[in-house]
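Please take a moment to look over the sequence and the three-dimensional structure that follow.

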Amino acid sequence: MRDDNRRIGVMGGTFDPIHNGHLAVAEGARRQFGLDSVLFVPTGKAPHKNNSAISPGALRYEMAALSVSGNLYFDVSKIEIERAGASYTVDTLTELKRLYGKKTKIFFIAGADAMTEMFTWKSPERIFDLCSIIAAGRPEVDGEALNRQLTLARERYGAKIYTLKTPPLAISSSDIRNRVQVERPVKYLLPETVELYIKKHGLYRGDRYDMEEAERWVSSRLSDKRWRHTMGVAEDSVRLAEIYGVNRRKAYITAVFHDCAKELPAAEKLRRCDERGIRLDSVMRSQPDLAHGLLSAEIAKTEFNIEDPEILNAIRFHTTGCEQMSLLDKILLTADCTEPNRINIAGIDAIREAALIDLDKATALCLRMKIAYTELKKQAVHPFSVKALRETENKT
Ligand SMILES: [Fe+2]
Ligand SMILES: [Fe+2]
């Protein structure tokens with residue numbers, strides 16, 4: 001029978017964010033080594049990493065706490081997060097040993113990365129004295145160098161190193177962060193509670209736009225009809241962004257702002273353009289509505305701090321098109337035309353169909369429609385539209 005001394009697994013990591021790979025390793029270790037519990041210890045200021053890019057400790061701790069709430073054997077510790085200065089594994093293990101008592105056996109669960117760095121850690125001999133190591137990578141596939149290190153650790157320090165049988169899942173925190181940034185799904189890669197937490201706190205987006213605030217702000221400046229159109233454009237933009245590999249979040253925010261100046265009276269549009277130093281050519285001056293793209297971009301920039309040049313450019317030229325249109329430019333121009341509230345427009349279904357398979361073709365069709373409409377009104381066609389049409393038609 002095992003003695004009554006406890007066996008505690010300790011799993012350190014940045015956990016930015018914690019994911020199912022971490023949890024599966026911890027559970028595998030708990031079962032294989034008969035651990036009474038596993039303690040997740042999110043790192044504080046990691047000595048081996050550039051800390052500026054890491055989410056604040058409090059957030060990483062909360063995500064870890066949410067993940068372990070369903071497992072009686074799992075717990076999370078704040079000891080590294082609350083410690084001032086750099087976090088060293090040896091200090092953490094010393095403190096845990098003091099907390100748990102001398103008779104408690106500590107098993108430090110280390111991934112392959114951590115194992116290869118072992119000898120660069122502060123006081124490795126003390127670490128190997130304080131705990132046994134469970135190597136969670138697969139030394140047999142992680143290369144000879146790692147195997148040599150393990151042998152050395154055993155020989156030099158009498159390190160007790162065991163290998164975890166559970167194969168690691170192919171999930172990484174950096175992949176999750178990248179996915180969140182471009183709004184790709186992360187379902188089943190991490191606990192749903194953590195997924196919701198990431199969404200709620202806007203983690204890993206790579207921008208600091210508050211979408212709800214943006215929606216409130218723009219909708220308060222538009223009629224109901226124009227706002228419905230805006231949301232329709234957003235819906236189509238996001239769909240096209242998904243198809244053509246553009247950041248869906250960027251496409252969404254572009255659509256939200258694209259018409260924010262549209263409903264200003266013509267004279268007011270001209271006045272504000274002049275006031276803000278937006279230079280208008282003769283075609284725009286004679287058709288002030290064409291200038292609402294330029295003005296909407298300027299408003300998004302100055303009043304909502306949108307700085308992304310791609311977003312601003314797409315808003316600026318959605319009325320006319322422009323030379324060398326980016327994917328985002330084409331997406332907005334097309335979605336502006338195809339959005340679901342546009343009904344009973346000749347040729348619209350063909351554009352919608354084209355949009356799903358050939359964005360250049362869809363953009364060209366939209367530009368043709370704009371040009372035909374302008375000619376019908378006997379107004380001057382903007383030269384940008386002619387250039388954009390030529391370019392997009394040449395690509396199809
Ligand atoms: Fe517009
Ligand atoms: Fe629009």
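Why does leucine 367 count as buried? Leucine 367 counts as buried because it has 28 C-beta neighbours inside 10 Å, where a residue is called buried if 20 or more other C-beta atoms lie within 10 Å of its own, exposed if 12 or fewer, and partly exposed in between, with the C-beta atoms placed from the backbone. This is a predicted model, in which local features need pLDDT of at least 70 and side-chain atom pairs count only at pLDDT 80 or more, while totals for chains, interfaces and linings use all residues. Residues are numbered from 1 along each chain as its sequence is written, and chains are lettered from A and ligands numbered from 1 in the order in which they are written.

Leucine 367 belongs to helix H19, which covers residues 359-376; helices (H or I, at least four residues) and strands (E, at least two) are DSSP runs, numbered from the N terminus. When residues up to four places away in sequence are left out, leucine 367 touches Gly321, Ser385, Ala388, Leu389 and Thr392, a contact being a pair of residues whose C-beta atoms, placed from the backbone, lie within 7 Å.

Two packed helices are described by the angle between their axes and the distance between the axes. For H19 and H20 (residues 383-395), the angle is about 145° and the axes are 8 Å apart; here axes are lines fitted to C-alpha atoms, for helices over the stretch in contact, and angles run from 0 to 180 degrees between N-to-C directions. The crossing of H19 and H20 is left-handed, a term used if the near helix is turned anticlockwise from the far one by less than a right angle, with right-handed used if clockwise. Among the residues that make this contact are Asp360, Thr363 and Ala364 of H19, together with Ala388 and Leu389 of H20.

On the H17 side Thr334, Cys337 and Thr338 meet Ile348, Ile351, Arg352 and Ala355 in H18. H17 (327-338) is also among the elements that cover the buried residues of H16, as are helix H12 (248-257) and helix H15 (292-304). Which residues of helix H16 (residues 309-316) are buried? They are Ile311, Ala314, Ile315 and Arg316.

The strands come next. Six of them form an open sheet in the order E3-E2-E1-E4-E5-E6, with parallel pairing, where two strands pair if DSSP finds at least two bridges between them. Strand E3 (74-76) and strand E6 (161-163) stand at the edges, each with a single partner strand, so one side of each has no neighbour in the sheet. E1 and E2 run parallel and are joined by six bridges, and methionine 11 stands opposite phenylalanine 40 in E2. Because five of its six residues are buried, E2 is largely enclosed by the rest of the structure. Strand E4 (residues 105-110) and strand E5 (residues 132-135) pair in the parallel sense over four bridges, with phenylalanine 108 opposite isoleucine 133 in E5. Helix H1 (residues 20-32) lies across strand E1 (7-13), strand E2 (37-42), E3, E4 and E5, and runs at about 160° to E1.

In soluble globular proteins, nonpolar side chains tend to be buried together. The largest nonpolar core here has 51 residues, and Val10, Ala29, Phe40, Phe107, Phe108, Ile109 and Ile134 touch the most other members; such a core is a set of buried Ala, Val, Leu, Ile, Met, Phe, Trp, Tyr and Cys residues joined through C-beta atoms within 7 Å. Apart from this core lies another, of 50 residues, among them Leu240, Cys260, Ala291 and Leu333.

Key:
Two residues are in contact if their C-beta atoms, placed from the backbone, lie within 7 Å.
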